[in-house]
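I opened this structure to look up a few things. My entries follow the display.

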Amino acid sequence: MSQYKPKVVCFSCKFSWGYLADEAYLSREIENWIPIICTGKIDTTHIMDAFEKGADGVLILGCPEGDCHYQDGNYEAKKRVYLLCRILESIGIEKERVKIELSSDPEGRRISKLVKEMKEELAKLGPWKGNVVAEKMPQKKEIKAGRGK
Amino acid sequence: MNRGDKVVSETDMFRCKSCGMCVVACPSEARKMVDEDIADTIAKVYASLS
């Protein structure tokens, strides 16, 4: 039996995470890493899309509280993650699959460590079963149709 | 500058004109920017997942 290897998509803010490191090096080092200019840009649909495409967890790394380059992008991301976690929980999916860390690491060394830690946690939870749950939900098509407004 | 001219601070520059939220966090503004900036990266990463 092959061993289950969880897939984690990691979004990180360019202003606090890895800005002193070589981006090409980090992208080789960290699997499924998406550097963005602010975590406030991350929409719930991006997170859900990741799960739909095969991710088992999503890790968001934002600026420390009160230090967002765009003032409150990290707070907005935190609010979205909090609400999403509550929704996931309500339909029987573990909230540990979406994590947000508001901190800073200019050299980006902690990113791979955090991804590794999350993978270890996800390995205990098993594969994402949200698609099975989503199939049973009648409003899935309506949610999709509302994107991009 | 004349008396009564509207002062646009740096703070205001980062705010959405319609809702006053941070431009990157505002759902309408952010959606546009995300689609332009990181859509390709997201698409590449997500394609590699499956």
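I looked up burial in chain B: of its 50 residues, 22% count as buried. A residue is buried if 20 or more other C-beta atoms lie within 10 Å of its own, exposed if 12 or fewer, and partly exposed in between, with C-beta atoms placed from the backbone.

I noted that this is a predicted model, in which local features need pLDDT of at least 70, side-chain atom pairs count only at pLDDT 80 or more, and totals for chains, interfaces and linings use all residues. Residues are numbered from 1 along each chain as its sequence is written, while chains are lettered from A and ligands numbered from 1 in the order in which they are written.

I checked the elements of chain B and found three helices and zero strands. Helices (H or I, at least four residues) and strands (E, at least two) are DSSP runs, numbered from the N terminus.

I then read the confidence (pLDDT, per residue, from 0 to 100). Chain B has a mean pLDDT of 68, and 40% of its residues reach 70 or more. Where pLDDT is low, the predicted coordinates should not be read in detail.

I turned to α4(A), where Ile111(A), Leu114(A), Val115(A), Met118(A) and Leu122(A) are buried. They lie on the same side of α4(A), because they cover an arc of only 100° around the axis, taken from the directions from the helix axis to the C-beta atoms. On the other side, Arg109(A), Lys113(A), Lys116(A), Glu120(A) and Lys124(A) are exposed.

Notes: pLDDT = per-residue confidence, 0-100.
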